[in-house]
Amino acid sequence: MEPHDSSQSPETGGAGFQEGWQDWGSHHYEQGGRMTGHVTVGGETITIDCLSGRDRSWGPHRQTKLSRGDFPWAFASENHGFIVHAVSNLDPDTDPFIGTAEPVGTGFYLKNGEVATLVSGERRVLERGHDGRPLITTIEATDSLGRTLNAIGRPRNNLNFSNFSESFWFWALTEWEFDGVSGFGEILDFYSQQYSRRLIRALKAKQPLGLHR
């Protein structure tokens, strides 16, 4: 598909990222497509042929205010998928973490080959593991055409990812169900390093956070 501009940059007639996302930079796009190739592991060659998503940001990247959120996506076919931006608007010092809903600010919904920008909605984590990783995530969002996306995702694995110096991520291959079909994608559940330390310390102290498993 053609790149989708979620930053609504001035070059395309927008005013930049919506409130709460400016720390990513002034420009951002996402793009769905098909990945092909081969991976060789321990002498075994695995053929790769799957749908996937990619994105790119550029401009000043100063993650000083962006505290917690998710960047989930999935594709069921070349004509059907989504990528969502959802970020918490709660104060990191008092954010309860459990039982919250993160507003959907942008992203896209691709259905029947027609793509439109997501303009509202929410993302929720219904269940988390003992270490805080998402186990069940739901998305309800509306695009600029008035179409509604309802999705539920269940991760198949988890990577504790911290290659960005200012943030920590639960990154997971995820099977999503939406519009009566299923497709694979990811959950990218992220936190500022300061917030993730507070969460991990609370878990180690076995403070009640309403976590499961």
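Which residue of strand 2 does H4 stand opposite? In this model, H4 faces E30 of strand 2. The structure is a predicted model, in which local features need pLDDT of at least 70 and side-chain atom pairs count only at pLDDT 80 or more, while totals for chains, interfaces and linings use all residues. Residues are numbered from 1 along each chain as its sequence is written, and side-chain values use heavy atoms, with hydrogens and water left out.

Along the sequence the pattern reads β-β-β-β-β-β-β-β-β-β-β-β-β-α. Of the 213 residues, 44% count as buried, where buried means under 20% relative accessible area, exposed over 50%, and partly exposed in between (1.4 Å probe, protein chains only). The accessible surface comes to about 11,000 Å², and 50% of it belongs to carbon and sulfur atoms; areas come from the Shrake-Rupley method with a 1.4 Å probe, and for residues only the protein chains shown count as cover. Among contacts (heavy atoms within 4.5 Å) between residues at least 6 apart in sequence, 51% join residues at least 24 apart.

Three strands form an open sheet in the order 1-2-3, with antiparallel pairing; two strands pair if DSSP finds at least two bridges between them. Strand 1 (4-5) and strand 3 are at the edges with a single partner strand each, so one side of each has no neighbour in the sheet. Strand 1 pairs with strand 2 over two bridges, whereas strand 2 (residues 27-41) and strand 3 (residues 44-58) are joined over 15 bridges. Within the latter pairing, H27 stands opposite W58. Two residues lie between the strands of this hairpin, and G42 takes a positive phi near 55° there.

Most residues other than glycine have a negative phi. D179 has a phi near 55° and sits in the loop between strand 12 (167-178) and strand 13 (181-192). With a relative accessible area of 30%, D179 is partly exposed.

D179 also has a polar partner. The side chain of H80 makes a polar contact with the side chain of D179 at 2.6 Å; such a contact is a pair of N or O atoms within 3.5 Å, where within protein one must be able to donate a hydrogen and the other to accept it, and residues adjacent in sequence count only if both atoms are side-chain atoms. H80 lies in strand 6 and is buried at 12% relative accessible area. Leaving aside neighbours within four places in sequence, H80 is in contact with residues including F75, L110, F178 and V181.

A nonpolar core is a set of buried Ala, Val, Leu, Ile, Met, Phe, Trp, Tyr and Cys residues joined through side-chain atoms within 4.5 Å. The largest has 14 residues, and those touching the most other members include F82, W176 and F178. Strand 6 supplies the largest share of this core, three residues. Apart from it lies another core of 11 residues, among them L51, F108, W169 and L188.

Technical notes
Helix = DSSP H or I, 4+ residues; strand = E, 2+ residues; numbered from the N terminus.
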